[in-house]
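Morning, everyone. Please have the sequence and the model up on your screens.

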Amino acid sequence: MAAATTFLRNLLADFLTGRDTLTAPANFHLALLTSAPGDGGSGGTEAAGGDYGRLTLANDDSSWDRDGLIVSNLGLLLFPEATAGWGTITHWKLFDDATAGNAWFYGAFTPSATVGTGARFRLGIGKLAFTFDAKSNYLAAEILDHIFGLDTFVPPATLYQSLYTSNPTNAGGGTEVSTGGTGYGRHAFDNDVVGWDRTDNVAGNAEDHDFDEAEANWGSVSGTALQDASSGGNLYGWAPLVSPQVINTGSQLSFLASQLRIRVR
């Protein structure tokens, strides 16, 4: 499975928190490497000579298909015939430019393949596969569709933090604190540079999030989540609390700045 580069992780962290835009490239360009890139996709030696060039892929539904939470190539990926040896191809990167640009994803070939004079390097259908661990199946699918030109995603202008006494999963569910006579309601905040700070690929809430004082017992709060609506809506992500908090009448639960985090992986 492919890994997102540091460049893409940082870009997504800003995009999902409304701090910047993200426009998917019209084309991706597949590069072949003869040495491994480092952590985050830096470095690595790209093949050269012998009429080698990156393979251009239209970044849309003519090249990609999403099945659940995995996007993969629809067709055979076939490089031109090598007029001289390219060496042993061990890794790859996916760039937004034919000769330079930024790498968005990288990965290893297992097994590696030696490309000699007259050979053509090829990858079968579904051999390039991509996914994200977004702590929300909904958001992971939206990210994949947006990046690979299958659909357009616009992050919400406002996010709502919620509290759970039985935690959701990435597919949703869970038991949210009751709103019936308890004084509980989701905490709304701006999904932008006011609401979030970012360090590397981790965004944290820029200000404290103070929930209203409990007017009845809320029970043991074990997790928190983000949604795109004040009630119902789509799950944007969730996480368990480090320690469950018992909220009784008169208690007030707060999250200090940077305690709520979005990490892109």
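Is Phe 79 buried or exposed? Remember that this is a predicted model. Phe 79 has a relative accessible area of 0%, so it is buried. The cut-off for buried is under 20%. Phe 121 comes in at 6% relative accessibility, so it counts as buried too.

Now, the aromatic pairs. A search of the whole structure finds 20 of them. Take Phe 28 and Trp 104. Their rings sit 5.5 Å centre to centre, with 75° between the planes, an edge-to-face pair. Phe 28 is in strand E2 and Trp 104 is in strand E8, so this pair ties together parts that are 76 residues apart in sequence. Both Phe 28 and Trp 104 are buried.

Back to Phe 79 and Phe 121. Their ring centres are 5.9 Å apart and the planes are at 75°, so this pair is edge-to-face. Phe 79 lies in the loop between strand E6 and E7, and Phe 121 in the loop between E8 and strand E9, so the pair ties together parts 42 residues apart in sequence.

Ring pairs also build a cluster. Its members include Phe 7, Trp 64, Trp 92, Phe 105 and Phe 148. One more ring: Arg 54 lies over the face of Phe 95, 3.7 Å from the ring centre.

Next, the core. In soluble globular proteins, nonpolar side chains tend to be buried together. Here the largest nonpolar core has 53 residues. Among those with the most contacts inside it are Trp 86, Phe 105 and Phe 130. Helices H1 and H2 each supply at least two residues of this core, as do strands E2, E3, E7 and E8. There is a second, separate core of eleven residues, which includes Val 177, Phe 211, Leu 241 and Ile 247.

What does Phe 105 touch? Among its contacts are Leu 8, Trp 92, Phe 132, Ile 147 and Phe 148.

On to helix H2, residues 137-147. Nine of its eleven residues are buried, so H2 is largely enclosed by the rest of the structure. The buried ones include Glu 142, Asp 145 and His 146. After H2 comes Gly 149, with a positive phi, near 65°.

Last, the sheet. Three strands form an open sheet, in the order E14-E15-E20, with antiparallel pairing. E14 and E20 are the edge strands, each pairing on one side only. The twist averages 20° from one strand to the next. Three bridges join E15 to E20. Gly 204 has Arg 261 as its bridge partner in E20.

Notes. Residues are numbered from 1 along each chain as its sequence is written. This is a predicted model: local features need pLDDT of at least 70, side-chain atom pairs count only at pLDDT 80 or more; totals for chains, interfaces and linings use all residues. Side-chain values use heavy atoms; hydrogens and water are left out. A nonpolar core is a set of buried Ala, Val, Leu, Ile, Met, Phe, Trp, Tyr and Cys residues joined through side-chain atoms within 4.5 Å. Buried means under 20% relative accessible area, exposed over 50%, partly exposed in between (1.4 Å probe, protein chains only). Helices (H or I, at least four residues) and strands (E, at least two) are DSSP runs, numbered from the N terminus. Contact means heavy atoms within 4.5 Å. Two strands pair if DSSP finds at least two bridges between them. Axes are lines fitted to C-alpha atoms, for helices over the stretch in contact, and angles run from 0 to 180 degrees between N-to-C directions. Rings of Phe, Tyr and Trp (its six-membered ring) pair if their centres lie within 6.5 Å; planes under 30 degrees apart count as stacked, over 60 as edge-to-face and the rest as tilted. A charge sits over a ring if NZ of Lys or CZ of Arg is within 6 Å of the ring centre and within 35 degrees of the ring normal. Lists of a residue's contacts leave out its neighbours within four places in sequence.
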